[in-house]
Amino acid sequence: MKQLAQLIRRVIYTFLELLDRVFSVEIPKVIILCYHGIGKSGWQYDVSFENFTKQIDLLLTVRKPIQLADLYSYLNGNKDILYPSFVITFDDGYKSVMLAREYLNSKMITPCLFLISHVENVSRDELGTESPFLTPNNIKELIGDGWEIGSHGAMHPDFNKITSNEALFEINESKKKLEKSTNSEVKYFAFPRGRYSNSILEKVKMSGYRLGLTMDDSLITTLTNPLKVPRIGIDNSHQLIEFKGTFTPSVIKLRKFLKKYNLNNIYG
């Protein structure tokens, strides 16, 4: 049943992507893709190196890579984005992303790595994987390559299930610890599971973050709230034939509609 549902998704995504091209629908100026791990562990959020490189190679035929720093300047009116662009992000901070390091360097792509600051206390049940985390030396090497560092919370909880004080700890203390351990300013926060509230947004702002990254389904424009920047999640169910469709306007609107009516899990 799950495979059938995903097949239907591929057909729909491919059709909508073609429809947008036929009717010359304006494509988003910039998109942000959210990955987790690289590999073939069988975990939903591990994308094989082969599929990952094919996806990025396809992206590079139609878009140019930028960093979150460029997007921040764009949203604040200090810089224009003159060509279709993309940002790559990795959540959680798994060691497997090192498998993509050489490839990304060769393509001059410098992602943002959203790290969990208190990995020693994180719940593996919450994450859904036993994948090892990056070592401090790994992180140092990636920073040396130009990768940006953001926070993904202290212990990656469900923000819908924690208290206000717990949320403040996740947001504020993770920033402090990551800045100390990486010797880098942490300017961006990615909401675990993409969940947030107005109170959470206010805490992110008060803690000094410049951008908040969500998993919302909307287009990035100059009017986008810097604390509610949408990303597109990619996992191992996305085959190349449908990949390009994941960031076309009609598909983004479809995902938003499905989430609004709690139908976003119909594809498995």
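Buried means under 20% relative accessible area, exposed means over 50%, and partly exposed is what lies in between (1.4 Å probe, protein chains only). This is a predicted model, in which local features need pLDDT of at least 70 and side-chain atom pairs count only at pLDDT 80 or more, while totals for chains, interfaces and linings use all residues. Residues are numbered from 1 along each chain as its sequence is written, and side-chain values use heavy atoms, with hydrogens and water left out.

**View 1. The whole chain, for orientation.** Of the 268 residues in the protein chain, 50% are buried. Its secondary structure comprises 10 helices and 10 strands; helices (H or I, at least four residues) and strands (E, at least two) are DSSP runs, numbered from the N terminus. The chain is as compact as a globular protein of 268 residues, because its radius of gyration of 18 Å is close to the 18 Å from the globule rule. That radius is taken over C-alpha atoms, and the rule is 2.2 Å times the number of residues to the power 0.38. Along the principal axes, the C-alpha atoms fill a box of roughly 50 × 40 × 40 Å. Contact here means heavy atoms within 4.5 Å. Among contacts with a separation of 6 or more, 68% come from residues 24 or more positions apart.

**View 2. Strands β6 and β7, side by side.** Strand β6 (residues 112-115) runs parallel to β7, and four bridges join them; two strands pair if DSSP finds at least two bridges between them. Look for F114, whose bridge partner in β7 is G150. Within β7 (residues 148-151), E148 and G150 point one way, whereas I149 and S151 point the other way. The residues on both sides of β7 are all buried.

**View 3. T89 and its neighbours.** T89 sits in strand β5 (residues 85-92) and is buried, with a relative accessibility of 0%. Its side chain makes a polar contact with the side chain of R231 at 3.0 Å. A polar contact is a pair of N or O atoms within 3.5 Å; within protein, one must be able to donate a hydrogen and the other to accept it, and residues adjacent in sequence count only if both atoms are side-chain atoms. Leaving aside neighbours within four places in sequence, T89 is in contact with I32, L33, C34, Y35, C112, F114 and R231.

View 4. The structure holds 15 aromatic pairs. Rings of Phe, Tyr and Trp (its six-membered ring) pair if their centres lie within 6.5 Å; planes under 30 degrees apart count as stacked, over 60 as edge-to-face and the rest as tilted. F189 and F191 form an edge-to-face pair, because their planes stand at 70°, with the ring centres 5.5 Å apart. Both partners are buried: F189 has a relative accessible area of 0%, and F191 is at 1%. F257 and Y261 form a tilted pair, 5.0 Å centre to centre and with 55° between the planes. Here F257 is partly exposed at 45%, and Y261 is partly exposed at 46%. Elsewhere, ring pairs link Y35, F49, F52, F90, Y103 and W147 into a cluster.

**View 5. Charges over rings.** K64 lies over the face of Y83, 4.6 Å from the ring centre. R9 lies over the face of Y13, at 5.9 Å from the ring centre. A charge sits over a ring if NZ of Lys or CZ of Arg is within 6 Å of the ring centre and within 35 degrees of the ring normal.

**View 6. S237 in its loop.** The loop between β10 (232-233) and α9 (240-243) holds S237, which is buried at 7% relative accessibility. Not counting residues up to four places away in sequence, S237 touches Q6, R9, R10 and E242. K40 is 197 residues from S237 in sequence, and the two are 12 Å apart in space, C-alpha to C-alpha.

**View 7. Two residues with positive phi.** D92, in strand β5, has phi near 85°, a positive value in a residue other than glycine. D92 is buried, with a relative accessible area of 3%. N183 belongs to the loop between α7 (164-182) and β8 (188-190), and its phi is near 55°, again positive in a residue other than glycine. N183 is exposed, with a relative accessible area of 72%.
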